[in-house]
Amino acid sequence: MAEEIIFEAEPFVETCNRLYSKWKAADAADDAWGQGCDALIILAGAQQDDVVSFPKSLALHAACFQLELSDVLFAFCEDKIIALAAAKKAKLLQALGSKLPDTFKYKLEVLTRDKTDKDKANFETVIANVKGDNAAIKLGVLLKEKNVGGFSEEWAKALGGAEGVTTADVTNGFSDVLVIKSKQQLSAAKGAGQLSALLFKKTLIEKILDVVDSEEATKMMILGDLIENNFGKEAAKCDPKLEPDEVQIMLPPVVQSGGNFDLKWNAQTNETGELHLPGKGIPAIHVAAITVHHKLCCSTIARTLMFNAKKDQIDAYKALFEVYEEVILEIKPGVAMRKIYELVSFKLKERDPKFVASLFKELGWALGYEVRDKRYVLDEKNKAIFQEGMLVCLRIGLENLTTSSKDEKGRKYSLLIADTFIVTSDGAECL
C-alpha cells in the first residue's frame with residue numbers, strides 16, 4: 001500500500017452515518033438487520049485475484065475509502081467503531097480517526113494486528129468491546145461471504161469459541177446502506193459511464209462493423225477476447241491520465257448473433273459461434289454489451305446492431321426504443337421498481353401484444369461496486385423504491401422474436417438496450 005494514500009473523512013462519515021441510521025431505525029423484526037443485533041462485525045479476508053466476486057465487505061471499503069482492503073475487521077458498536085488491521089493500514093485508519101469531525105458521534109479505535117499470537121489478544125479485545133456488560137449478544141455479520149486466509153480462519157475460531165455470542169445475517173441491511181452512493185462514488189460512476197460508452201463505440205462496435213464490411217468468417221469469442229486483451233491500451237487513449245488499476249472490464253464483452261441469444265446479465269459469448277453476416281435478403285442482428293469498473297464503480301451499456309433488417313424487425317426495435325425513452329422519465333425517487341415493469345409491459349402491449357410475451361423478465365438493477373445487486377432488481381415483484389443517489393442500470397430486452405429469412409440463422413433474434421443512470425432529485429441522469 002503506497003504511503004501517499006490518504007483516507008478522507010467525508011466518505012467515511014457519510015457512509016457510517018447512513019449505516020448507523022438504518023441499523024438503529026430498523027424494527028426488531030426486520031430480517032434485513034438480523035432481527036435486532038447488538039453490534040455489527042464486517043470482516044474482509046485475504047485477497048483472491050483469481051476469483052471475480054463482489055462481497056459487501058469490500059463494497060463497504062469502496063464506499064468509505066475508495067479502496068479494497070484485505071485482512072481487515074471492522075466492529076460497529078453502540079458508540080464506537082473498532083478497526084483491526086495490519087500496521088500500514090492501521091496507520092492510515094489512525095490518521096483518519098484523528099481528523100473525524102466533532103459532529104461524528106462514533107469514535108474510531110484502531111488495533112494493529114499482532115501475528116505473534118495470531119491476533120488472539122486482538123480478537124479477545126474486539127469481542128469484549130462488542131459484548132460490553134452483556135452476558136449474551138447477537139452480532140450482525142455477512143453470513144454468505146466466504147473469506148479465506150489465516151486472519152479470517154483465526155477470527156472464525158475466536159468467534160466460535162466466544163461465550164454468549166450468536167450471529168445473524170445482515171447482508172440485506174448493508175445492501176440498503178450501500179445502494180446509496182457517496183459523492184466520490186457518483187463521480188467515479190460518471191467516469192465509468194463515459195469510458196464504457198467510448199470503449200463500446202471504439203472497440204466493440206467498430207470491430208463488429210469491420211467484420212461485417214470484410215465479410216470474413218470470424219468467431220464472436222475472438223472479437224470479445226481481442227477487445228478484452230486491448231482494453232487497457234484503448235482506455236489509455238480515451239483518458240491518458242488513467243492509472244492501469246483504476247479501470248477494468250468486469251464482465252467479458254458480450255457479442256451474440258446468428259439466432260443464439262441469451263439476455264441474462266451474466267451471459268457469455270458463444271465460444272464456437274461465428275458472427276452472423278448479412279446477405280442479400282438475409283437480415284443479421286447483433287447484440288453487444290460491455291461492463292466497465294472505474295475506481296471501484298460499475299457502468300454497463302448494451303446495444304443492438306441491425307443489418308438488412310426486415311420491416312417487422314425495424315418496427316420491433318422502434319417500439320422497444322420508444323418505450324425505453326419513455327420509461328427513463330419514470331425513474332425518480334419514490335417510484336417502486338416494479339412500476340417500471342408494469343409501465344414497460346403496458347406500453348409494449350399498446351404497440352403490439354406479442355411484445356409482452358417476449359419481454360425479458362429483468363429490466364435492470366442497482367449497481368455500483370458490484371455489477372448487479374440482486375436485492376434491487378427491476379422486475380414485476382420488487383417493491384423497493386428508487387432513491388436519490390442510487391446508480392441504476394435500465395436494461396430492456398425482447399427475446400425469441402422471429403422473422404422471415406431464407407437463412408435459418410437470421411430467423412430468430414433478440415433486441416436489447418441498456419444504459420446506466422444516476423437517480424437524482426429531478427429524475428434519471430444518463431452517464
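Two strands are taken to pair if DSSP finds at least two bridges between them. In this predicted model, strand 3, which spans residues 80-85, is joined to strand 4 by 6 bridges, and the two run parallel. Within this pairing, leucine 84 is placed opposite leucine 111 of strand 4.

Aromatic side chains were examined next. The count of aromatic pairs comes to 14. In one of these, the ring centres of phenylalanine 12 and phenylalanine 65 lie 5.9 Å apart with their planes at 25 degrees, and since planes under 30 degrees apart count as stacked, the pair is assigned to that class. Phenylalanine 12 is part of helix 1 (residues 9-25), whereas phenylalanine 65 is part of helix 2 (residues 56-65), so that the pair ties together parts that are 53 residues apart in sequence. Phenylalanine 12, at 1% relative accessibility, counts as buried, and phenylalanine 65, with a relative accessible area of 5%, is likewise buried.

A further aromatic pair, formed by tryptophan 33 and phenylalanine 174, is tilted, with 5.8 Å from centre to centre and 50 degrees between the planes. Tryptophan 33 lies in the loop between helix 1 and strand 1 (39-44), while phenylalanine 174 lies in helix 6 (residues 171-178), and the pair therefore ties together parts that are 141 residues apart in sequence. Tryptophan 33 and phenylalanine 174 are both buried.

Phenylalanine 12 and phenylalanine 65 also belong to one aromatic cluster, whose members include Phe7, Tyr20, Trp23, Phe74, Phe76, Phe104 and Tyr106. Tryptophan 23, a member of this cluster, additionally has the charged end of lysine 24 over its ring, 3.9 Å from the ring centre. An arrangement of a charge and a ring is also found at tryptophan 365, where arginine 372 lies over the face of the ring at 5.8 Å from its centre.

Definitions and conventions
Residues numbered from 1 in each chain as written. Predicted model: local features only at pLDDT ≥ 70, side-chain atom pairs only at ≥ 80, totals over all residues. Heavy atoms only, no water. Helix = DSSP H or I, 4+ residues; strand = E, 2+ residues; numbered from the N terminus. Phe/Tyr/Trp six-rings, centres within 6.5 Å; stacked < 30°, edge-to-face > 60°. Buried < 20%, exposed > 50% of the residue type's maximum accessible area, 1.4 Å probe, protein only. Lys NZ or Arg CZ within 6 Å of the ring centre and 35° of its normal.
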